[in-house]
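Please consult the sequence and structure shown here.

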Amino acid sequence: MAGCSRHLEDLLKTPVTEEWLAALHRDAPENEELYRDPVHGFVLLAHTEQAGLYRPPHDHGRGWVIYAVQRGEIDMATYARIQEPDGSFRLVQRNATRVRPGQTQVYLPGDIHDTRCMAGPALLFRFTERDLKKEDRDAHRVTRYAERNGVWSEKKSA
């Protein structure tokens with residue numbers, strides 16, 4: 001993970017005059033795949049997020065992810081899943097980190113986190129060890145949470 005984070009930190013130093021990065025700034029794609037490794041399956045994505053965009057608590061199933069902020073600022077909080085005496089579960093926020101340009105944030109399999117764009121438009125890269133959309137669609141391993149009456153609990157599928 002440390003080696004991958006260092007590579008992403010190097011990627012964040014790319015001059016905005018590089019055509020591919022200038023295009024990301026200009027076109028501001030919500031979600032664009034930059035690279036998919038045909039052998040190992042890892043994926044590098046670019047995301048543009050507007051100030052205020054909130055992504056509720058979730059994990060990435062069996063996959064790990066590294067977020068890297070190129071422009072803007074993103075608050076990322078982590079949560080612990082606590083079992084109540086009645087057997088139900090709720091989330092308790094552990095900490096929050098503001099990720100600024102040039103910084104990365106790592107989440108391991110099962111780590112529950114949320115994101116909120118604080119200064120945008122933000123451009124971030126997301127490096128995942130596997131295709132998380134496929135992981136969610138095929139294996140149903142990604143868990144999402146919803147807030148009810150001030151308490152975060154596992155979101156039930158319809």
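Q: Why does Tyr35 count as partly exposed?
A: Tyr35 has 40% relative accessibility, and partly exposed lies between buried (under 20% relative accessible area) and exposed (over 50%), with a 1.4 Å probe and protein chains only. Tyr35 therefore counts as partly exposed. The model is predicted: local features need pLDDT of at least 70 and side-chain atom pairs pLDDT 80 or more, while totals for chains, interfaces and linings use all residues. Residues are numbered from 1 along each chain as its sequence is written, and side-chain values use heavy atoms, without hydrogens and water.

Q: What makes the place of Tyr35 a strand?
A: Strands are DSSP runs of E with at least two residues, and helices are runs of H or I with at least four, numbered from the N terminus. Tyr35 is in strand S1, residues 32–36.

Q: Which residues make up the largest nonpolar core?
A: A nonpolar core joins buried Ala, Val, Leu, Ile, Met, Phe, Trp, Tyr and Cys residues through side-chain atoms within 4.5 Å. Twelve residues make up the largest one, including Leu8, Trp64, Ile66 and Phe127. Strand S7 (112–128) is one of the elements that supply at least two of its residues, and S7 gives the most, with three.

Q: With which residues is Phe127 in contact, leaving aside its neighbours within four places in sequence?
A: Contact means heavy atoms within 4.5 Å. Phe127 has such contacts with Cys4, Leu8, Phe42, Val43, Leu44, Trp64, Val65 and Ile66.
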